[in-house]
Amino acid sequence: MVSLDLLTLIIATIAFAVLAPVAGCLLAGVDRIISARMQGRVGPPLLQPYYDVRKLFEKERVTVNGVQDAYVICALIFAVIAGGIFFSGGNLLFVVFVITLSSLFFIIAAYSSRSPYAEVGAARETVQVMAYEPMVLLFAVAFYMATALILPASGDIWQGGTFNVGAIFSLDVPVIIYAWPAFLGLMFILTIKLRKSPFDLSMSHHAHQEIVRGMTTEMSGSTLGLVEILHWCENVLFLGWVGIFFVWGGPLSLALGILVALLAYFFEILIDNNFARVKWQFMLKSAWAVAFVLGGINIVVLAML
């Protein structure tokens with residue numbers, strides 16, 4: 001017999017696979033419109049990202065080898081599984097590991113093309129993973145330690161912390177109260193995760209910043225369409241990470257979490273349109289500095305409380 005937790009995970013994963021691309025597509029459309037207005041242009045319609053992806057799937061399927069598509073599909077599958085685990089209230093640390101596995105499959109897909117431009121993009125993506133991963137892990141640990149301080153005791157028994165996202169609805173106060181340094185650190189590396197300037201080193205969406213498109217140089221048609229859907233799913237998941245800092249006590253606080261996540265996305269669009277790309281050395285050093293200063297201090301303080 002299938003357990004209730006497994007059934008919940010399956011339903012959440014299917015729901016995420018259906019709803020996340022829709023939400024991600026709308027976010028991408030809003031991104032384009034806001035970016036255009038910031039640059040003094042009218043901008044495309046809201047559903048332009050959908051039209052672009054639909055056109056990609058209508059193109060003739062051309063791939064440089066037989067395994068590139070398989071790697072991209074695996075990356076998308078693991079991203080959807082990570083989203084299903086997160087939004088079903090599952091283990092946050094496991095979510096971090098699964099979405100990292102998705103990133104690794106995407107990197108391998110770029111390497112498999114044997115294109116020098118794609119390989120450079122894959123190398124940069126590897127550096128980006130190295131840059132943001134410490135802060136992501138510290139964010140998960142800070143979440144665990146903060147819940148240990150907030151979760152109510154069961155009788156005279158202290159429950160300790162938890163990595164389960166669903167526990168936020170049992171909190172008396174939001175996690176942001178105890179983990180605001182980790183939140184600031186997450187906001188910093190969110191620019192890397194969302195592939196926004198100044199940290200969009202591996203596959204910039206700004207045409208003026210590079211002649212070829214990094215990791216996706218040799219990807220076209222339906223393969224490139226799957227990459228766009230992958231990016232939409234990742235955006236929804238990462239904004240969910242932002243939102244959990246502000247959700248507590250019940251479903252009504254979800255509105256606040258969603259609002260903060262949308263404000264964070266607008267802030268990332270603002271940064272994207274006002275900062276030029278930096279070198280990978282600066283990205284790596286700054287991301288690690290933020291991780292060990294904000295994340296490290298937060299962990300030490302929580303351990304002392």
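**Cavity, pocket and helix packing**

Ser103, Glu125, Gln128, Tyr132, Ile192, Lys193, Arg195, Glu234 and Phe238 line the largest cavity of the structure. The model is predicted, so local features need pLDDT of at least 70 and side-chain atom pairs pLDDT 80 or more, while totals for chains, interfaces and linings use all residues. Residues are numbered from 1 along each chain as its sequence is written, and side-chain values use heavy atoms, with hydrogens and water left out.

Rolling a probe the size of a water molecule over the atoms shows where empty space is left. On a 1 Å grid over the protein atoms alone, a cavity is a set of points where a 1.4 Å probe fits but cannot get out, a pocket is an open set with protein on both sides within 12 Å along at least five of seven lines, and lining residues have an atom within 4 Å of a point. One cavity of 30 Å³ or more is present in the structure. The space in the largest cavity comes to about 60 Å³ (the volume filled by probe spheres set on grid points joined across faces, edges and corners). At least two lining residues of the largest cavity come from each of helix H5 (116–150), helix H6 (176–193) and helix H7 (221–243), where helices are DSSP runs (H or I, at least four residues) numbered from the N terminus. With three residues, H5 contributes the most to the lining of the largest cavity. By class, this lining holds four charged, three nonpolar and two polar residues (Asp, Glu, Lys and Arg are charged; Ala, Val, Leu, Ile, Met, Phe, Trp, Tyr, Cys and Pro nonpolar; the others, Gly among them, polar).

Next comes an open space. The second largest pocket contains about 550 Å³ of space. Its lining is made of 25 residues, and those nearest the centre of the pocket are Phe86, Phe87, Gly240, Leu254 and Ile258. Helix H1 (4–38), helix H3 (68–87), H7 and helix H8 (254–272) each bring at least two residues to the lining of the second largest pocket. H1 brings the most to the lining of this pocket, namely seven residues. Of the residues lining the second largest pocket, 20 are nonpolar and five polar, with no charged residues.

Helix H6 also packs against other helices. H6 and helix H9 (residues 280–304) have axes 8 Å apart and pack at an angle of about 165° (axes are fitted to C-alpha atoms over the stretch in contact, and angles run from 0 to 180 degrees between N-to-C directions). H6 and H9 are therefore roughly antiparallel (the term for angles over 145 degrees; under 35 is roughly parallel, 65 to 115 roughly perpendicular and the rest oblique). In contact (heavy atoms within 4.5 Å) are Tyr178, Ala179, Trp180, Pro181, Ala182, Leu184, Gly185, Phe188, Ile189 and Ile192 of H6 with Met283, Ser286, Ala287, Val290, Leu294, Asn298 and Leu302 of H9. The H6 and H9 contact counts 14 nonpolar and three polar residues, and no charged residues.

The axes of H6 and H7 cross at roughly 170° and come within 10 Å. H6 is thus roughly antiparallel to H7. Phe183, Leu186, Met187, Leu190 and Lys193 from H6 and Phe238, Trp241 and Val242 from H7 make this contact. The contact of H6 with H7 includes seven nonpolar residues and one charged residue, with no polar residues.

For H7 and H8, the axes cross at roughly 120° and come within 8 Å. H7 and H8 are therefore oblique to each other. Here Asn235, Leu239, Val242 and Gly243 of H7 meet Gly257, Val260, Ala261, Ala264 and Tyr265 of H8. Six nonpolar and three polar residues, but no charged residues, form the contact of H7 with H8.

Two backbone details complete the picture. Most residues other than glycine have a negative phi, and most peptide bonds are trans. Between Ser197 and Pro198 the peptide bond is cis, with omega about 15°, and Pro198 lies in the loop between H6 and H7. Arg114, a residue other than glycine, has a positive phi near 60°; Arg114 sits in the loop between helix H4 (92–112) and H5.
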